[in-house]
Amino acid sequence: MKKNLLVGMLGLVGILAGCASVKTADFDDIKLYTLKNKTGTMVKITNYGATVTSIVTTDREGQMADIALGYNDVSGYMNAVDKPYFGSIVGRYGNRIALGRFSIDGEEYELATNNNANHLHGGVIGFDKVVWDAEVIGAHALRLSYLAKDGEEGYPGNLQIAVTYTLTEDNELKLDYVATTDKKTPVNLTNHTYFNLKGEGEGDILGHELLINAKATTPVDSGLIPTGKIIPVAGTPFDFTTAKAIGRDIGKKDQQLEFGLGYDHNWVLDKGDKDGKMTLAATVYEPTTGRFMEVFTQEPGIQFYCGNFLAGNLKGKAGRTYVNRGGFCLETQHYPDSPNQKNFPSTILNPGEEYKTMTIYRFSAK
Ligand code: BGC
């Protein structure tokens, strides 16, 4: 066992508590890992769903708090009410595919539908509900891999994926995604952590000040499927090009806000000439604690979802209720429903190619 990486056997006992009735996974294979750096930042990850269960960071006074929503036992993740996907990797296709259908080279595919008539976050048993293989790499990284079989949830091709979580001494949580396939298939992987920079369970996130480095969004229909248009944010509640409180415009009369019950949309990131390269996608500042988070990504889009479907019926790790909008997600991604939208960047991975993308969440306080 390396000094700074505690393979969390004690944590494992914690996470397994109260999971007697589960059938989908082999419990002996489910573990909890802890990444820790010299500044005291700590990230816990389980190989069930490649899920980040906890992120402990400092505020401006040096007070540590867990800023990621989640459960304290694995049954919470397995039996989640309203399926919030706390902390997990979602895929094979993160976000929605209209009616669960798409075609590649004239061949039609039908996916499991799990969000009314649509497919969301990989289907009924997406990557958030499977047990990944785990490999501890050096002192600060964990590599999780999974082989999604040809036909799983309706997708074509055996897809071998790996996500490596690295916690750096600069308080960056780095996510490296790689995947290969033996048949053409759509792939869109992202992480679904809900953040509350005040601390998980500390009320809503409406006072957090958000900046999204994007001049346009992809508007949706009432089922949250993109219409295919790309529209400017200027003059709308979707303009986060300069930082503003998440709650400032959320109550304004706007059809897109009505469809999402708030923000639940994909922003088209300003990449300039840096297509496919790391750029700053978003920043979030929480004024009462001073916590600050930056998101960098190689992806062309980001889903900003502000926990509109959290209904106040879940209790989190410390027993506190997760209120409506008690957490927000910044899901770096390709745009939703890309397999059916010809003018969106392609999400099709071909045999012989490598899907390779990186996202970084950097934590500080000021
Ligand atoms: C989606 C929401 C969905 C949520 C599930 C988000 O990525 O955009 O519409 O309800 O995931 O927790």
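This is a predicted model: local features need pLDDT of at least 70, side-chain atom pairs count only at pLDDT 80 or more; totals for chains, interfaces and linings use all residues.
View 1. Side-chain values use heavy atoms, with hydrogens and water left out. Strand 11 and strand 12 (residues 141-148) pair in the antiparallel sense over 5 bridges, where strands are DSSP runs of E with at least two residues, numbered from the N terminus, and two strands pair if DSSP finds at least two bridges between them. The open sheet that holds them has 9 strands in the order 11-12-13-14-29-23-22-17-20, with antiparallel pairing.

**View 2. The largest nonpolar core and phenylalanine 304**. A nonpolar core is a set of buried Ala, Val, Leu, Ile, Met, Phe, Trp, Tyr and Cys residues joined through side-chain atoms within 4.5 Å; buried means under 20% relative accessible area, exposed over 50%, and partly exposed in between, with a 1.4 Å probe and protein chains only. The largest such core has 57 residues, and Trp132, Tyr165, Tyr263, Trp267, Met293, Phe304 and Leu330 have the most contacts inside it. Strand 13 (residues 159-167) gives the most to this core, with 5 residues, and at least three residues come from each of domain 1 (5-191) and domain 2 (209-365), bounds that come from an automatic or database domain assignment. Leaving aside neighbours within four places in sequence, phenylalanine 304 is in contact (heavy atoms within 4.5 Å) with residues including Leu210, Phe240, Tyr263, Asp264, Trp267 and Leu330.

**View 3. Histidine 192 and Glu331, annotated as "active site"**. The annotation comes from an unreviewed UniProt entry; such positions are given in the numbering used here, feature names are shortened, and annotations may be inferred rather than shown by experiment. Although spread over 140 residues of sequence, the two cluster in space, with a largest C-alpha distance of 6.2 Å. Histidine 192 is in the loop between strand 16 (190-191) and strand 17 (209-212) and counts as buried at 3% relative accessibility. Not counting residues up to four places away in sequence, histidine 192 touches Glu331 and, among others, Pro84, Tyr85, His121, Tyr305 and Cys329.

**View 4. Asparagine 95 and aspartate 264, two of the positions annotated as "binding site"**. In the unreviewed UniProt entry this feature is placed at Asn95, Arg96, His192, Thr193, Tyr194 and Asp264. Asparagine 95, in the loop between strand 6 (89-90) and strand 7 (96-97), is buried, with a relative accessible area of 2%; leaving aside neighbours within four places in sequence, asparagine 95 is in contact with His119, Leu120, His121, Gln303, Gln333 and Pro336. Aspartate 264 belongs to strand 21 (residues 264-269) and is likewise buried, at 6% relative accessible area; beyond residues up to four places away in sequence, aspartate 264 touches Leu224, Gln303, Phe304, Tyr305, Asn308 and Phe309.

**View 5. Phenylalanine 309 in a loop**. Phenylalanine 309 is found between strand 24 (301-305) and strand 25 (314-315), and is partly exposed, with a relative accessible area of 39%. From C-alpha to C-alpha, phenylalanine 309 and arginine 325 are 7.6 Å apart in space, while being 16 residues apart in sequence.

Conventions
Residues are numbered from 1 along each chain as its sequence is written. Helices (H or I, at least four residues) and strands (E, at least two) are DSSP runs, numbered from the N terminus.
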